[in-house]
Amino acid sequence: MSVFPKHYGVIVVGAGHAGCEAALAAARLGVSCCLITINLDCIAAMSCNPAIGGLAKGHLVREIDALGGEMARVADATGIQFRQLNTSKGPAVRSSRAQSDMLRYRLSMRKVLENQEGLDLYQAMVGRILARDRRVYGIETTIGEEIHGDTVVVTTGTFLRGLIHIGLNRFPSGRLGDPPSNRLSRSLMDLGFRLGRLKTGTTPRLHIRSINFDGLEVQEGDRNPRPFSHSTKGLTLPQRPCYITYTNKKTHEIIKGGLDRSPLFTGVIEGVGARYCPSIEDKVFRFPDRQRHQIFLEPEGLDTVEIYPNGIPTSLPIDVQWAMVRSIKGLENAEILRPGYAIEYDYADPIQLKPSLETHLIEGLFFAGQINGTSGYEEAAAQGLMAGINAARMVRKEDPIVIDRSQGYIGVLIDDLVTKGTKEPYRMFTSRAEYRLLLREDNADLRLMPLGRNIGLVRDEDWSIFERKRQEISDAMEMIRQIRLHPSPDTDSWLESIGSRPIRQQVSLEDILRRPEVDFKAIAERFTQLKSLSPEVASQLEIETKYSGYVARQEAEVAKFRKWESVRLPYDLDYRAIPGLSNEVKEKLAAQRPDSLGRASRISGITPAAITAIQIYLKKKGLD
């Protein structure tokens, strides 16, 4: 047995999107960190689709940026198409998405890691978590080397006992071409963790020169693309279009003909897949009345011939994959460069975590990413950032940072995981956030950057940009409140010209902008002093004005929510001593150890009567 010559404050296991954010956060907070990965060449690899963001996921990326994380900056530096989604809907559900150059993303993130002071990279496979008296003290690699540290963050992605399926062929792998991590699963179970089995999948990759794009629908990016990061001054890479095609009746017949050799339909796959992102064979089976399914042909980069056909993830046999692909318009002569496949992997039930993402069982051990049952790069990165922050704060003997549901999508994500757990891959949706009008993508920096600054992750130059923006918004709001309009033929004529009704008494420009039919551009044409506002500030001004009534109602709801959250529950509270609680409720509360009455109320099976019983007990003991 050999011992690594350095002792670290934080050891991060795995260098996917969660691991990268965790390691950078810890090192930037001044805590020595070692990032360990099976293959240094695969740091920040985009194992599935070549994109960052999307519905609700774009919110997470902007929140990561506001807190001082890295994903948004790298996405901006390597994006080859940017689009704002849901633009026809309200601001609460609008989200950003960027096609990424997959190779450039990986290399850019690695460069950031390699140049981060206080962060070491190390190539090894971790076989065991080292713990003594329920306290972590490091890891052991599969070649018998111990690396000691004060805290450990586990971000293993799909590598824990990863098993790939292509038809009825299956083989151990953490990702196609990479070995799985088998011994670490056993180590976690030996420590007492409950592990489950999940499944995800990916599409075959196609050669761009074998595709006939004539007649396919072109999907361009936005004309004036908006970057993810508030600090990005401009997008530098050439922008590329995507193309849209569809499956058809013949495609569906081919798929149905291959179901007898599908690992999904023959019971070979045991792991639970995601309902919201099913394989193409699952979609064809579950929706037999659908005549076609949409496919986005997405470039994987500027310097590669690989195309990602988003919409046909599959684990069908390779011969069926060839026939399926070539039955689709534009893909009649397509060449498959890599087969689609399904992968099963172990995950740990996330109710075994505190809201800080530290485990209940082992002090100083944190989990982040797919090991917690989530799917998606953005969900992983958000968890990695918070786990890295809290691991570093533990080393510095500081209290953990917990973002609640009223502060951000990151709070919704983590709260859902630690209070409800998950039996299938968890994906973020705007519908999961009850205060989504307050948690918009456009105001992520206004909501969370002060917290990121207090934590110590927001750089001076970024904070200066933010303060200028915040002041500009405040000044602009004051300006439209001070500008007064009086009833007159000229005013009425102008209002009529922009499709609005006359005024009968003196009103402010804010009152006019609040009207649904009046947009900012119309008032800026008449009140030209508003033209100097940046697009971001103008957008904030318009949204905050038009939705002020709805915002006020949600803020009142948040006040009620925070009242429950403010009732803290001691970690060592003896739930067995509380009268009126059923044995099931006592077991759940003792296992999950909620930190507040509000979080306890969101645990499945905890009734209002149980919450009342806890309240009465706390008052009697003087703990409320």
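Trainee: Are phenylalanine 193 and phenylalanine 367 buried or exposed?

Mentor: Good place to start! Keep in mind that this is a predicted model. In it, phenylalanine 193 is buried, and phenylalanine 367 is too.

Trainee: How do I read a pair of aromatic rings?

Mentor: Two values describe such a pair: the distance of the centres and the angle of the planes. For phenylalanine 193 and phenylalanine 367, the centres are 5.1 Å apart and the planes make 50 degrees, a tilted pair. Phenylalanine 193 sits in the loop between α5 (183–190) and β13 (195–202), while phenylalanine 367 belongs to strand β21 (residues 365–367), so the pair ties together parts 174 residues apart in sequence.

Trainee: How many aromatic pairs are there by this rule?

Mentor: The count is 10 aromatic pairs. One of them joins phenylalanine 82 and phenylalanine 228, again tilted, with 6.5 Å centre to centre and 55 degrees between the planes. Phenylalanine 82 is in strand β5 (residues 79–85) and phenylalanine 228 in the loop between β15 and β16 (242–246), 146 residues apart. Phenylalanine 82 is buried, at a relative accessible area of 3%, and phenylalanine 228 is buried at 1%. There is also an aromatic cluster made of Phe4, Tyr8 and Tyr122.

Trainee: Why is valine 153 called buried?

Mentor: The cut-off is under 20% relative accessible area. Valine 153 has 0%, so it counts as buried. You will find valine 153 in strand β10 (residues 145–154). Beyond its neighbours within four places in sequence, its contacts include Val10, Ile11, Phe366 and Ala391.

Trainee: Now the sheets. What is the strand order in the open sheet of six strands?

Mentor: Follow the pairing from strand to strand: β15-β16-β17-β18-β14-β19, with antiparallel pairing. At the edges are β15 (217–219) and β19 (336–338), each of which pairs on one side only. From one strand to the next, the twist averages 35 degrees. To zoom in, take β14 (residues 205–207) and β18 (residues 306–310), which are antiparallel and joined by two bridges. Histidine 207 has glutamate 306 of β18 as its bridge partner.

Trainee: And helices: at what angle do α2 and α11 cross?

Mentor: For a helix pair, look at the axes, then the residues that meet. The axes of α2 (residues 57–66) and α11 (residues 444–455) cross at roughly 35 degrees and come within 8 Å. The crossing is right-handed. On the α2 side, Arg62, Glu63 and Ala66 take part, meeting α11 residues that include Asp445, Arg447 and Leu448. By class, this contact has four nonpolar, one polar and four charged residues.

Technical notes: Residues numbered from 1 in each chain as written. Predicted model: local features only at pLDDT ≥ 70, side-chain atom pairs only at ≥ 80, totals over all residues. Heavy atoms only, no water. Pairing = 2+ DSSP bridges. Helix = DSSP H or I, 4+ residues; strand = E, 2+ residues; numbered from the N terminus. Axes fitted to C-alpha atoms, helices over the stretch in contact; angles between N-to-C directions. Left-handed = near helix turned anticlockwise from the far one by under 90°. Contact = heavy atoms within 4.5 Å. Nonpolar A, V, L, I, M, F, W, Y, C, P; charged D, E, K, R; others polar. Buried < 20%, exposed > 50% of the residue type's maximum accessible area, 1.4 Å probe, protein only. Phe/Tyr/Trp six-rings, centres within 6.5 Å; stacked < 30°, edge-to-face > 60°.
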